[in-house]
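Try each task before you read its solution.

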Amino acid sequence: MATREEIISSCITLFLENGYSQTTMKMIGDSVGIKKPSLYAHFENKEDIGRSVMIRLLEGSEGHNMNMDQYSMKDIVYLFISSSAVDW
């Protein structure tokens, strides 16, 4: 089963490629090889995933199996401001 960290890492790419609002829970599940309902064992909802992605990006990738160099600061800022997971 996919772990919480695998889901977050996959969502960074999905959100950057498709945008937060266009990324579905099914897409997220498919990207890590689990069915949509199994995501709820790790997260309450998509907003919870979005918050976790934002925290990961803001804290940096140290200690995670990610190469943040592949994302430009513009991509990260765009993801952050376009996400409805951020409560302005």
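**Exercise 1.** Where is the place of Met 54? Decide too whether Met 54 is buried or exposed.

*Solution.* Two ground rules come with the model. It is predicted, so local features need pLDDT of at least 70, side-chain atom pairs count only at pLDDT 80 or more, and totals for chains, interfaces and linings use all residues. Residues are numbered from 1 along each chain as its sequence is written, and side-chain values use heavy atoms, with hydrogens and water left out.

Step 1. Met 54 sits in helix 4. Helices are DSSP runs (H or I, at least four residues), numbered from the N terminus.

Step 2. The relative accessibility of Met 54 is 5%, so Met 54 counts as buried. The cut-offs are under 20% relative accessible area for buried, over 50% for exposed, and partly exposed in between (1.4 Å probe, protein chains only).

Step 3. Now look along the chain. Ile 8 is 46 residues from Met 54, yet their C-alpha atoms are separated by 9.4 Å.

**Exercise 2.** At roughly what angle do the axes of helix 1 and helix 4 cross?

*Solution.* Step 1. The axes of helix 1 and helix 4 (residues 46–59) come within 9 Å and cross at roughly 85°. Axes are lines fitted to C-alpha atoms, for helices over the stretch in contact, and angles run from 0 to 180 degrees between N-to-C directions.

Step 1. Helix 1 is therefore roughly perpendicular to helix 4. That word covers 65 to 115 degrees; under 35 is roughly parallel, over 145 roughly antiparallel, and the rest oblique.

Step 2. Find the residues that meet (contact means heavy atoms within 4.5 Å). Among them are Ile 8 and Phe 15 in helix 1, and Val 53 and Leu 57 in helix 4.

**Exercise 3.** How many salt bridges does the count come to? Identify the partners.

*Solution.* Step 1. Recall the rule: a side-chain nitrogen of Lys or Arg within 4 Å of a carboxyl oxygen of Asp or Glu. The count is two.

Step 1. Arg 56 pairs with Glu 5, with the closest N and O atoms 2.2 Å apart. This pair links distant parts of the chain, with Arg 56 in helix 4 and Glu 5 in helix 1, 51 residues apart.

Step 2. Compare the partners. Arg 56 is buried at 5%, whereas Glu 5 is partly exposed at 35%.

Step 3. Asp 30 and Lys 26 form a salt bridge at 2.9 Å, N to O. Both lie in helix 2, four residues apart, about one turn of the helix. Lys 26 is exposed, at 53%.

Terms used. Helices (H or I, at least four residues) and strands (E, at least two) are DSSP runs, numbered from the N terminus.
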